[in-house]
Amino acid sequence: MGEREGMDSGRSRFHRVRTPAGVAVVAFVVGAGVLAMASCTDGRPAFWRRDNVAALSCPRPASVTGSEFNAQETGLRHLRRAAFRGDFFAQLELGSRYAAARATDKNIEDPIESATWYAMALANDQGYAPINRVERGGLAGFGGWRPLSRYDDCRAFERHQAYQVLDRQLSRMSREEQEQVRDRVVYVLATQDAEGFRTLARLHDGLYGPFGEPEDNREAREAWGRKPEGRPLERRPRGGYWAAVNLFQRNDVDAYLYNYLAVQTGDVGAYVLMKDFERSSPHRAQYAGFVEGKARQWTPPFEFYPNTAPQSGVPFSDESRPRGDAYDYALSRMQGELPFVHVGRALRYLGVTETVALQPDQLSKHQIEAFEAMIGHPVESRLSMLERVRAIQLAAVNGSSEAQLVLAVMYAEGIGLPTDYAKAFKWFSEAARQGSPEAKFAMSSYFALGVAGVADQDKAEAVVYRIESALSGFGPSASRLQALLAQVSRSQQRR
């Protein structure tokens, strides 16, 4: 009995000794697990999706997120200027604004414009290029507890959210509306020269993620509906984000085309990437000849960014600015080589003026400001050279055959815009389709002489356009036709 009491007493003393140590061990393990799950590691196993969105998102300066209902247009123009130049956070913010996430943005709500900028943000390598390369593993070596920057983690969360919103928006759109989103993205990227064309190449290349990110990128794999590599315990996303994934179809020819266009800007890195593209698959190099011809005919989807706007909203301004010596030189030629009457006719066609202004000083301050507001430019009461170009472009886009003819000549001669024979041919074609005899005469010259890669030499087509131009009463064409007919009649008489 005494022995048993001694054993019980010893066991009690043992429990009293080991209980605090056991509690400490258990508390340590539980605390470590909570810290590992709550920390911003690449795994983000449990709390990543359920935590506070504001805490997980990247911080924004007050100038971007502040209340601006009374300065909405100024704030949007500031964001658009930054977004056109590739600012990842400005693109996200524009997506949110046009989605009307805030009550003060209801008047500018536009799902197509919102989807455009979310897509631009997802395609932007500022959103996924790694900053911190330190491996943050599990508990081994306490690697997951290092005090590292949250920049990579908050950007990943922002992209995760952008994928969700974009997929939801696109899934509610018709095919035509999705094409509008795609065309707007292509246009904006095409204004960014080599970098934008390289991004477009990745968007069409099946070796990359849905928006040109590395294929093993966490958000890319989530969008595909695939399990993140190296994370077997991670819950697989349900089906992926298929509307977002299918916005750009994978196509080797288009991927090659945009790589080729990037090289044409003179960028050496683009040339290296194009050669790497050719070597990446046995059949890709075979597209070279075909793509070169297609590249000569390629034109952006728009002449300038569509300046439509929601009811009582702010016009969508085109914040791509002339860049490089070619643009500066072309704009400088506007002053002395393009008569202002063509700008005046464009402004009358657009309803800005009631009569044709022959000189800039014939425009009132109110008329200039009305046009600047129409195209979403800052109101400066002075018609800049770029705004003169925009007036002709806007009239051409809205159906003025005269403006289309003038714009075609501007592209052909490099006045106001850098020389581009593909765009010149496009606008000559549009004007000719509306019956412009001068445009038909120009088209006959294109086909008579042939323009490499744009319009192959076709004598029969040239004659058709020349006759149509003469029958429409165009002098040079009519006189040329009369000379030909006289020559034919003389040859007939000799017989």
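This is a predicted model: local features need pLDDT of at least 70, side-chain atom pairs count only at pLDDT 80 or more; totals for chains, interfaces and linings use all residues.
# Helix packing and loop exercises

The axes of helix H20 (residues 401-413) and H21 come within 8 Å and cross at roughly 160°.

**Exercise 1. Classify the packing of H20 against H21, give its handedness, and sort its contact residues by class.**

Step 1. Take the angle. H20 and H21 cross at roughly 160°. Angles over 145 degrees count as roughly antiparallel. Therefore H20 is roughly antiparallel to H21.

Step 2. The crossing of H20 with H21 is left-handed.

Step 3. List the residues. H20 contributes Ser401, Gln404, Leu405, Leu407, Ala408, Val409, Tyr411 and Ala412. From H21 come Tyr421, Lys423, Ala424, Trp427, Phe428, Glu430 and Ala431.

Step 4. Sort them. The contact of H20 with H21 holds eleven nonpolar, two polar and two charged residues.

**Exercise 2. Locate Gly435 and say how far it is from Ser401 in sequence and in space.**

Step 1. Find the segment. Gly435 sits in the loop between helix H21 (421-433) and helix H22 (437-449).

Step 2. Compare the two separations. Along the sequence, Gly435 and Ser401 are 34 residues apart. From C-alpha to C-alpha they are 8.1 Å apart. Ser401 is also one of the H20 residues that meet H21.

**Exercise 3. Is H17 parallel or oblique to H19, and which residues make the contact?**

Step 1. Read the geometry. Helix H17 (residues 340-349) and helix H19 (residues 385-397) have axes that come within 9 Å and cross at roughly 50°.

Step 2. Classify. Angles under 35 degrees count as roughly parallel, and 65 to 115 as roughly perpendicular.

Step 3. Name the residues. On H17 they are Phe340, His342, Val343, Ala346, Leu347 and Tyr349. On H19 they are Arg388, Ala391, Ile392 and Ala395.

Step 4. Sort by class. Eight are nonpolar, one is polar and one is charged.

Step 5. H17 and H19 cross in a left-handed manner.

**Exercise 4. Work out how H4 packs on H5.**

Step 1. Helix H4 (residues 72-84) packs on helix H5 (residues 88-98) at an angle of about 135°, with axes 8 Å apart.

Step 2. Antiparallel would need an angle over 145 degrees.

Step 3. The crossing of H4 and H5 is left-handed.

Step 4. Leu76, Leu79, Arg80, Ala82 and Ala83 of H4 meet Ala90, Gln91, Glu93, Leu94, Arg97 and Tyr98 of H5. By class, seven are nonpolar, one is polar and three are charged.

**Exercise 5. Two residues other than glycine, Ala100 and Asp193, have a positive phi. Say where each lies and whether it is buried or partly exposed.**

Step 1. Ala100 has phi near 60°. Ala100 lies in the loop between H5 and helix H6 (111-123). Its relative accessibility is 8%, so Ala100 counts as buried.

Step 2. Asp193 also has phi near 60°. Asp193 lies in helix H9 (residues 193-204). At 31% relative accessibility, Asp193 counts as partly exposed.

**Exercise 6. Describe the surroundings of Phe304.**

Step 1. Phe304 is in the loop between helix H14 (288-297) and helix H15 (325-332).

Step 2. Its relative accessibility is 7%; the cut-off for buried is under 20%. Phe304 is therefore buried.

Step 3. Set aside neighbours within four places in sequence. Phe304 then contacts Tyr187, Asp318, Arg390, Gln393, Leu394 and Val397.

Step 4. Asp318 is 14 residues from Phe304 along the chain, and their C-alpha atoms are 6.6 Å apart.

Key
Residues are numbered from 1 along each chain as its sequence is written. Side-chain values use heavy atoms; hydrogens and water are left out. Axes are lines fitted to C-alpha atoms, for helices over the stretch in contact, and angles run from 0 to 180 degrees between N-to-C directions. Helices (H or I, at least four residues) and strands (E, at least two) are DSSP runs, numbered from the N terminus. A crossing is left-handed if the near helix is turned anticlockwise from the far one by less than a right angle, and right-handed if clockwise. Contact means heavy atoms within 4.5 Å. Ala, Val, Leu, Ile, Met, Phe, Trp, Tyr, Cys and Pro count as nonpolar, Asp, Glu, Lys and Arg as charged, and the others, Gly among them, as polar. Buried means under 20% relative accessible area, exposed over 50%, partly exposed in between (1.4 Å probe, protein chains only).
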